[in-house]
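The sequence and structure come first.

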Amino acid sequence: MRYGEENPDVLLMFSSHYCRNHSHGPYPPGFGRHGVCAHENKELAKAREALPLIEDSSNCDIVKATQYGIFERCKELVEAGYDVRQPDKENVSLLHWAAINNRLDLVKFYISKGAVVDQLGGDLNSTPLHWAIRQGHLPMVILLLQYGADPALIDGEGFCGIHLAVLFQHMPIIAYLISKGQSVNTIDVNGQTPLMLSANKVLGPEPTGFLLKFNPSLNIVDKIHQNTPLHWAVAAGNVNAVDKLLEAGSSLDVRNVKGETPLDMALQNKNRLIIHMLKTEAKTRANKNFRLWRWLQKCEVFLLLLLSVITMWAVGYILDFDSDSWLLKGFLLIILFFLTSLFPRFLLGYKSLIYLPTVFLLSSIFWMFMTWFILFFPDVAGTPLYFVFIISIAAFLYFFYKTWTTDPGFTKASEEEKKMSIITLAETGCLDFRTFCTSCLIRKPLRSLHCHVCNSCVARYDQHCMWTGRCIGFGNHHYYIFFLFFLSIVCDWFIYESFIYWSNHCTTTFKEDGLWTYLNQAVTCSPWVMYIFVLASFHFSWSAFLLINQLFQIAFLGLTSYERTSLLKQSKHMKQTLSLRRTPYNLGFTQNLADFFQCGCFGLVKPCAVDWTSQYTMVFHPAKEKVLRSV
Ligand SMILES: [Zn+2]
Ligand SMILES: [Zn+2]
């Protein structure tokens, strides 16, 4: 159940500027006295604009020099005897000013001169770390933690570092703090966890969805109201957070201090959408207690296939029906489609409908085989044709099975590996959405992409194929090519044998009667054969098209479908024309094919084995002495 798409801001949080240790403009005195306020950033921005630029840096005081990052001036004043621990008249230390303005060199300098890293200051009694977190300066957070800053300290409002990162929606800092050992269930002074704060205070799917990836406790309650995160989301009317929490499995039955469940709360608030969501979820969960329901869920693809086979037969039966009235047949077909559309609604649920093209393809193949076996086989029994058709069907089924069951290259990482990768990326200044997947919390391998249907990153991603119902990636791409090849062969044979059938059983020939009469006669002769013939032609056309397209991409471009389309999209925005053939992955016709199929053609070519599931950097290709890099 998804009511809204992921917030694109999440990605922006990881955008490239985190790859640099940048400094923002100086923050004037006064920061730190505000509570959590939506307009705070605007006010700060205004105040910052109002601050005049310093013309003569040699005379400014040390606070101003720190805000502006004038290292030489600060050094001069400290060496002249200024005590770095001395707070200014606002009770703010120099380290605070350096931290909020992301002055990394000044922080190092002040600490070397004896500044206290966890000095409390400002109206909110915060540490420099709190200030850096509020402002979203990940490099500063990393530096302060290296100097021993304590992220568990609470500020004047009762929040630890992680709570502030959640309230100000700084996802990289949340990820970094948790990876460095801060518990995702850390409580603030009111006993609220980051998840409760996020569900209650930050409208929208993030950072609730992001926090849920770190397996927080869903049914923990706060000290005062004894609300769970779901209660808090309902109280705030935060529809996206409610959706995410229900999807994660939050309990619907926990009662708070007033004895209210989340549903009672929603009824009180008269939020109709949330009431509907909670009731639907309760119904789905109640259904799960029935064995029959669980069984239906398990076999949903098989049931859908069965339904599709029966529907396809029924369509053929109606078409083949001994009546000249096409109006009656049309009416019967409409009733049939109406009846079949009810099944997924009551029996299977709409989730399984993504497999509809797959079951359509498989049931088409089933009826093609049955038609061939019952109607065509007697005609071709003595010839080698029957043998070829059976072999093609068997090969098609084998490669379909292999494409379906082989892991396309889903990235797998343990909790510990994920945390290590977050720390490494953050500390090298590269916690960046180009290198880091915010959904899987892993470093993305080169050429991989996150598939939203499979909810995982896929190595050397090609596409999520609707016909196989599976992702096509590094692991199963070659099986997919054979799947397309044998599918087009099967359809091809069927089309050919349909013509043989018509020439044997219908009193018409193409040469004598012309195309139109011939087709008319063929339909009247056997509507069923024409029906399956149309299906075979349809499947032949798309499979042959995709096969040619895939082979062209693999052999001549060395690219995947995704890379090709994204390059084409990019080239639209470029002034000069972009050649798809001149990419680092194109190593020439034979080498491309040899690499793709991992086949040396009896020693003629040397295939280069690159494991795209764990390839993060450029590859040096020994065969062609070319450097591969990300497209
Ligand atoms: Zn991913
Ligand atoms: Zn997928």
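The site of the zinc ion (ligand 2) is tetrahedral, with angles of 102 to 117° among its four donor atoms; four donors count as tetrahedral if all angles lie between 85 and 135 degrees. The structure is a predicted model, in which local features need pLDDT of at least 70, side-chain atom pairs count only at pLDDT 80 or more, and totals for chains, interfaces and linings use all residues. Residues are numbered from 1 along each chain as its sequence is written, chains are lettered from A and ligands numbered from 1 in the order in which they are written, and side-chain values use heavy atoms, with hydrogens and water left out.

Donors are N, O and S atoms within 2.8 Å of the metal (3.2 Å for Na, K and Ca); water is not among the atoms, so sites may look incomplete.

| Site | Protein donors | Distance |
|---|---|---|
| zinc ion (ligand 1) | C437 (SG), C440 (SG), H450 (ND1), C457 (SG) | 2.0 to 2.3 Å |
| zinc ion (ligand 2) | C451 (SG), C454 (SG), H464 (ND1), C471 (SG) | 2.1 to 2.3 Å |

Along the chain, the donors of the zinc ion (ligand 2) follow the spacing C-x2-C-x9-H-x6-C. Because C454 lies in the loop between β3 and β4 (456-458) and C471 in strand β6 (residues 470-472), this pair ties together parts that are 17 residues apart in sequence. Strands (E, at least two residues) and helices (H or I, at least four) are DSSP runs numbered from the N terminus. C454 is partly exposed at 27% relative accessible area, whereas C471 is buried at 0%. Buried means under 20% relative accessible area, exposed over 50%, and partly exposed in between (1.4 Å probe, protein chains only).

Ideal angles at a metal are 109.5 degrees for four tetrahedral donors. C440 is buried at 12%, and H450 is buried at 11%.

Aromatic contacts come next. The whole structure holds 35 aromatic pairs. In one of them, the rings of Y398 and F399 have centres 5.0 Å apart and planes at 75°, so the pair is edge-to-face. Rings of Phe, Tyr and Trp (its six-membered ring) pair if their centres lie within 6.5 Å; planes under 30 degrees apart count as stacked, over 60 as edge-to-face and the rest as tilted. Y398 is partly exposed at 43% relative accessibility, while F399 is buried at 14%. A cluster linked by ring pairs includes Y398, F399, Y479 and F482.

Two arginines sit over tryptophan rings: R447 is 4.9 Å from the ring centre of W612, and the charged end of R470 is 3.9 Å from that of W404. The criterion is NZ of Lys or CZ of Arg within 6 Å of the ring centre and within 35 degrees of the ring normal.

The protein chain has 27 helices and eight strands, and 49% of its 631 residues are buried. An unreviewed UniProt entry lists residues 354-377 and 528-548 among its "transmembrane region" spans; such annotations may be inferred rather than shown by experiment. Residues 354-377 are 92% helix, with end C-alpha atoms 34 Å apart. Residues 528-548 are 100% helix, with end C-alpha atoms 30 Å apart.

Notes
Tetrahedral: all angles 85-135°; square planar, octahedral: opposite > 155°, others 65-115°.
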